[in-house]
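I opened this file to look up the fold as a whole and then a handful of single residues. My entries follow in the order I made them.

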Amino acid sequence: MKTYEILFDILSQESDYVSGEKLAQKLGISRTSIWKAIQRLEKEGIHIESIKNKGYKLISGDLLITKKIEEAAPIQVSFNPNCKSTQLDAKAGIEAGKPANTLYLASSQTAGRGRFGRSYFAPEQGGIYMTLHLKPNLPFPQIPAYTVLTAGAIYKAIKELTLMEMEIKWVNDIYYKGKKIAGILTEAITSIETGLVTDVIIGVGINFAIADFPKELQHKAASLFHKKHPITRNELISEIWKNFYECDPDELIYLYKQHSLVLGRTITFYQNDQDYKGIAKEISDNGQLLVQLDTGQEMWLNSGEISLTSW
């Protein structure tokens, strides 16, 4: 790890002030180097209090450390401090021939996009923005329900680390107390020659500890935590992808269904230039949603957007 990352790791485990001299001795560097590392952390949005004759104390902030994630999860991490979009980073990585199972990670995005090309709110501090690249090389009908598996992995990670209960809104959103805290965007690349899905990228955005939202989002978006949080972003990211790779897919699919926000409720949706209304009855293992329309007819939805008539 880099000096400022090691320094952050030390300060995050201390409840009291640590002198510059003690830090310098522990890291085997000069006190000037400690001061420079403190400055770097402050540029990363970390609030560190400095008091003469007492030392340094971490007040707030969280630092993404790629090595910690790689040590805990079976992935490589590519971190971009000046990221436009982790989806774009992943696509560039694919074109450059970078290996699969690489997680493209950023602490903020300047041009993030959600489903249907919508802009994605991604402030400089407090968010998690990441895209995982996979190479399934399978026919489309055999592709696992990656969005469902990822949502299940996110639910399980948050539940196990914090005991907080999330809900999942079909098909790709995670909700907490009626507000969205995370979204998933899955894209596939197909080979014209073979007809196989060669690459899949799974984008995830999580409102981890965001203090303020734009006015137009305040009634529908929220953050997992506020100023204080019992876990780090590194821990949550690692746990999500450990679950994704190591858990039985049936367990993650079960969690997705069990904690659905929509099953049994009245929903509306728009398809083929027509508005529909009905009861969400069932979710298949492939992530399809069965809706019983007001007419009594049943319809399977493969994708798209639905709205709940009441929250």
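The entries below go from the whole chain to single positions.

**Entry 1: the whole chain**

I note at the start that this is a predicted model. I looked up the secondary structure of the protein chain and found eight helices and 15 strands. The C-alpha trace spans about 75 × 45 × 35 Å along its principal axes.

How many of the residues count as buried? The figure is 49% of the 311 residues. I also looked at contacts between residues at least 6 apart in sequence, and 62% of these join residues at least 24 apart.

**Entry 2: surface and charge**

The protein chain exposes about 16100 Å². Carbon and sulfur atoms supply 47% of that area. I counted 35 positive and 36 negative charges, and their mean positions are 7 Å apart.

**Entry 3: the annotated span**

I looked up the UniProt record, an unreviewed entry, and it places a "DNA-binding region" at residues 20-39. In the model I find this span to be 85% helix and 0% strand. Its end C-alpha atoms lie 13 Å apart.

**Entry 4: aspartate 62 and glutamate 71**

Aspartate 62 lies in the loop between strand 2 (55-60) and helix 4, and glutamate 71 is in helix 4 itself, residues 66-72.

Is aspartate 62 buried or exposed? Its relative accessible area is 8%, so aspartate 62 is buried. Leaving out residues up to four places away in sequence, I list its contacts as Phe8, Ile46, Phe208, His229, Thr232 and Arg233. I also took the C-alpha distance from aspartate 62 to methionine 164, which is 20 Å for a sequence separation of 102 residues.

Glutamate 71 has a relative accessible area of 59% and is therefore exposed. Glutamate 71 and serine 238 are 167 residues apart in sequence, and their C-alpha atoms are 8.6 Å apart in space.

**Entry 5: backbone geometry**

As background, most residues other than glycine have a negative phi, and most peptide bonds are trans.

Asparagine 137 is not a glycine, yet I read a positive phi of about 50° for it. Asparagine 137 sits in the loop between strand 5 (127-134) and strand 6 (138-139). With a relative accessible area of 41%, asparagine 137 is partly exposed.

Leucine 163 is also not a glycine, and its phi is positive at about 70°. I place leucine 163 in the loop between helix 6 (146-162) and strand 7. Why do I class leucine 163 as exposed? Its relative accessible area is 66%, and the cut-off for exposed is over 50%.

The peptide bond from tryptophan 170 to valine 171 is cis, with omega near 15°. Valine 171 is in the loop between strand 7 and strand 8.

**Entry 6: asparagine 172**

I stayed in that loop, which runs between strand 7 (167-169) and strand 8 (173-176) and also holds asparagine 172. Asparagine 172 has a relative accessible area of 6%, so I record it as buried. From asparagine 172 to tyrosine 254 I get 15 Å, C-alpha to C-alpha, across 82 residues of sequence.

**Entry 7: alanine 145**

Alanine 145 has its place in the loop between strand 6 and helix 6. Its relative accessible area is 13%, so alanine 145 is buried. Which residues does alanine 145 touch, not counting those up to four places away in sequence? I find Asp285, Asn286 and Gly287. Phenylalanine 121 is 24 residues from alanine 145 in sequence, and the C-alpha atoms of the two are 26 Å apart.

**Entry 8: histidine 259**

My last entry is on the loop between helix 8 (249-258) and strand 11 (266-271), where I find histidine 259. Histidine 259 has 18% relative accessibility and therefore counts as buried, the cut-off being under 20%. Beyond its neighbours within four places in sequence, histidine 259 is in contact with Tyr155, Glu165, Met166, Glu167 and Ile168.

Methods. Residues numbered from 1 in each chain as written. Predicted model: local features only at pLDDT ≥ 70, side-chain atom pairs only at ≥ 80, totals over all residues. Heavy atoms only, no water. Helix = DSSP H or I, 4+ residues; strand = E, 2+ residues; numbered from the N terminus. Buried < 20%, exposed > 50% of the residue type's maximum accessible area, 1.4 Å probe, protein only. Contact = heavy atoms within 4.5 Å. Areas by Shrake-Rupley, 256 points an atom, 1.4 Å probe, with all protein chains shown as cover. Lys, Arg positive; Asp, Glu negative; His and termini not counted. Charge placed at Lys NZ, Arg CZ, Asp CG, Glu CD. UniProt positions renumbered as here; feature names shortened; annotations may be inferred.
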